[in-house]
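Have a look at the model on the screen, and I'll walk you through a few spots in it.

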Amino acid sequence: MLELKHIKKSFNGNVILNDISLDVKDGEIVSILGPSGSGKTTLLNLILGITDSDGGELIYNGQDLTHVSMEQRGFNIVFQDYALFPNLNAYQNITYGLKNKPGISSKEEVEELIDLLGLRDHLKKRIDQLSGGQKQRVAIARTMVMKPKILLMDEPLSALDGVIKESIKDRIRTIAREFHLTTIIVTHDPEEALTLSDRVLIINRGRIAQYGTPEEIIRKPSDGFIREFILNQLEIKRNNIYSLFRNC
């Protein structure tokens with residue numbers, strides 16, 4: 001289990017995160033949702049270890065990681081822009097990290113992951129020959145072969161549309177379930193968060209506005225901000241979101 005206890009962070013005197021406390025269960029998919037400037041990316045960076053907190057604790061499976069380096073935490077991230085190497089083909093990108101840590105994943109495990117993500121027919125392609133969805137799957141595979149303790153994803157679906165987005169959502173769910181992998185996703189899209197996650201953390205002005213299951217957030221929004229952000233902001237999508245949970 002990942003636990004955050006009273007996390008605080010400021011930049012140049014501006015409070016970005018204020019008293020953030022939550023837990024993420026093993027194998028759970030949690031989305032961090034909020035408007036621009038709410039502090040969600042800063043929180044992701046704090047969990048990863050890119051940024052240090054000004055106060056509070058970060059505990060993973062009983063171990064205090066608050067002051068442990070990013071490399072030693074064993075978490076990993078899939079970036080919004082994929083961050084793939086354009087001079088390498090898809091397979092070389094996937095296995096790049098194994099050059100320095102060859103024992104983490106066996107060849108059989110790599111091949112299994114390639115098939116799970118539907119990348120078999122694209123391994124020899126250059127990165128510029130791949131679609132957005134294929135690039136995202138390569139980025140996920142490259143991260144997964146390193147067997148992260150926690151998978152962090154920064155806006156993984158923002159550049160994708162329609163069927164491709166739904167396909168990647170299905171892949172993320174499958175990976176989380178099959179590998180029992182704790183997955184934390186930053187998104188600005190309420191529908192994305194509500195349809196992908198086991199629980200959703202909504203941040204507003206650096207504070208937790210609500211943390212609960214999609215059903216709880218839809219049926220019992222904690223305040224007017226939640227109602228406005230989740231429902232009124234997405235008027236066109238609202239009926240689709242409600243239909244997902246009306247039989248719960």
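Now the housekeeping. What you're looking at is a predicted model, where local features need pLDDT of at least 70 and side-chain atom pairs count only at pLDDT 80 or more, while totals for chains, interfaces and linings use all residues. Residues are numbered from 1 along each chain as its sequence is written, and side-chain values use heavy atoms, with hydrogens and water left out.

Let's start with the charged pairs. In general, side chains of opposite charge can pair when their charged atoms come close. For us, a salt bridge is a side-chain nitrogen of Lys or Arg within 4 Å of a carboxyl oxygen of Asp or Glu. How many salt bridges does a search of the whole structure find? Eleven.

Take helix α6, residues 162-178. Asp 170 and Arg 173 form a salt bridge there through their side chains, at 2.6 Å from N to O. Because these two sit three residues apart in α6, about one helical turn separates Asp 170 from Arg 173. Here I need a burial scale: buried means under 20% relative accessible area, exposed means over 50%, and partly exposed is in between (1.4 Å probe, protein chains only). Asp 170 has 42% relative accessibility, so it counts as partly exposed, and Arg 173 is also partly exposed, at 23%.

Now follow α6 along to Arg 177. The side chain of Arg 177 meets that of Asp 198 in a salt bridge, 3.0 Å from N to O. This pair links distant parts of the chain: Arg 177 is in helix α6, Asp 198 is in the loop between α7 and β9 (199-204), and they are 21 residues apart. Asp 198 is partly exposed at 27%, and Arg 177 is partly exposed at 45%.

There's a network as well: salt bridges with shared partners join Lys 107, Glu 111, Asp 115 and Arg 120. Within that group, the side chains of Arg 120 and Glu 111 meet at 2.6 Å, N to O. Arg 120 has a relative accessibility of 36%, so it counts as partly exposed.

On to the greasy side of things. A nonpolar core here is a set of buried Ala, Val, Leu, Ile, Met, Phe, Trp, Tyr and Cys residues joined through side-chain atoms within 4.5 Å. Which residues touch the most other members of the largest nonpolar core? Out of its 33 residues, those are Ile 94, Leu 119 and Ile 140. The elements giving two or more residues to this core are α3 (90-94), α4 (107-116), α5 (132-144), β7 (150-154) and α6. Helix α5 provides the largest share, five residues.

Zoom in on Ile 94. If contact means heavy atoms within 4.5 Å, and we don't count residues up to four places away in sequence, Ile 94 touches Val 110, Ile 114, Leu 119, Leu 123, Val 138, Ala 141, Arg 142 and Val 145. Apart from this core lies another, of 26 residues, among them Leu 22, Leu 43, Leu 44 and Leu 58.

That takes us to helix α1, residues 40-48, where eight of the nine residues are buried. The buried ones include Leu 43 and Leu 44, but also Lys 40 and Asn 45. Just after α1 comes Gly 49, with a positive phi of about 110 degrees.

Two residues other than glycine have positive phi as well. Lys 147, in the loop between α5 and β7, has a phi of about 50 degrees. Glu 155, in the loop between β7 and α6, has a phi near 50 degrees. Buried or partly exposed? Lys 147 is partly exposed at 44%, whereas Glu 155 is buried at 9%.

One last stop: Asp 189, in the loop between β8 (182-187) and α7 (190-196). Asp 189 is buried, with a relative accessible area of 11%. A polar atom of its side chain lies 3.0 Å from the backbone nitrogen of Glu 191.

Okay, over to you for discussion.

Note on methods:
Helices (H or I, at least four residues) and strands (E, at least two) are DSSP runs, numbered from the N terminus. A polar contact is a pair of N or O atoms within 3.5 Å; within protein, one must be able to donate a hydrogen and the other to accept it, and residues adjacent in sequence count only if both atoms are side-chain atoms.
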